[in-house]
Amino acid sequence: MQAINNINLNSLIDTLVSLTAAFILGGLIGFERQYRQRTAGLRTNVLVAVGAAIFVDMANRLGGAEGAEGAVRVVAYVVSGIGFLGAGVIMREEGNVRGLNTAATLWASAAVGACAGADLILEALLGTLFVLAANTLLRPIVNNINRQPLDVVSAEVTNILYVIARRSQQQAVMVLLEAELARCNYPASDVDVRPFGSDEVEIEATLVATSVDGDELDALVARISTSTLVVQAFWSPSTTD
């Protein structure tokens, strides 16, 4: 089998070094983007760096093989063509861009598949491990960064929670809101209260985190809305950059 003949431990070590460097350096770039709460953050940058490293490493391996010119040309088409597929899973929803990690994973997965198709099985396995590491091991780091307050003046998205309550129950609703935000680990950087009609007030809580889990906030709003103290509750992201 050609796949067995292509096993080369020295080349595999070279691939390991390349992917490790791509993982670390892509992570450094992504960390800065994640810290500033940009759309393409830590995992997206790592996935793209690792995927690119797999493609280039595979082309280097195939470059010296007999009859590999056609294979390298096909790989080039895969690199460009998978971009259109990735674009299809990227959506912009209420001020947030979603699907970048999925698109980057598809691109890296294409690199792994191309490796396997080129009979570089061990390299494909190594690439798979790095992609899985980017999507699993980096997730807690991303979540922790996203919950930290920014020390920069620019941010892509500001998330605001709105609660409408009767004026006479304002203090009780403030206590409820503070408890729910603490429960979800979404502290507010600023809370404003303004009149809303003749006998109601609107409480506006601006969240510290600029990157949030929409499902978590939806659940938080649903819990608040069930209180008899609350007339209405909703949240909204707004673009500030």
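Visitor: Is F234 buried, partly exposed or exposed, and at what relative accessibility?
Guide: Buried means under 20% relative accessible area, exposed over 50%, and partly exposed in between, with a 1.4 Å probe and protein chains only. F234 has 31% relative accessibility, and therefore counts as partly exposed. This is a predicted model, in which local features need pLDDT of at least 70 and side-chain atom pairs count only at pLDDT 80 or more, while totals for chains, interfaces and linings use all residues. Residues are numbered from 1 along each chain as its sequence is written, and side-chain values use heavy atoms, with hydrogens and water left out; the answer for F234 is partly exposed, at 31%.

Visitor: How many aromatic pairs does a search of the whole structure find?
Guide: Rings of Phe, Tyr and Trp (its six-membered ring) pair if their centres lie within 6.5 Å, and planes under 30 degrees apart count as stacked, over 60 as edge-to-face and the rest as tilted. With that criterion, the number found in the whole structure is two.

Visitor: Which class of pair do the rings of F23 and F130 form?
Guide: The ring centres of F23 and F130 are 5.8 Å apart and the planes stand at 65 degrees. The two residues are 107 residues apart in the chain, F23 being in helix α2 (residues 9–35) and F130 in helix α6 (residues 121–136), where helices (H or I, at least four residues) and strands (E, at least two) are DSSP runs numbered from the N terminus. Both F23 and F130 are buried. Because of the angle between its planes, the pair is edge-to-face.

Visitor: What is the partner of F234, and how are the two rings arranged?
Guide: The pair links distant parts of the chain, from F234 in strand β6 (residues 230–239) to a residue 72 residues apart in strand β3 (residues 157–166). That residue, Y162, counts as buried at 16% relative accessibility. With 4.9 Å centre to centre and 20 degrees between the planes, F234 pairs with Y162, and the arrangement is stacked.

Visitor: Where do the buried residues of α9 fall, seen down the axis of the helix?
Guide: In α9 (residues 214–225), the buried residues are L217, L220, V221 and I224. Taking the directions from the helix axis to the C-beta atoms, these buried residues fall within an arc of 95 degrees, so they line one face of the helix.

How values were computed: The expected span of a helix is 1.5 Å times one less than its number of residues.
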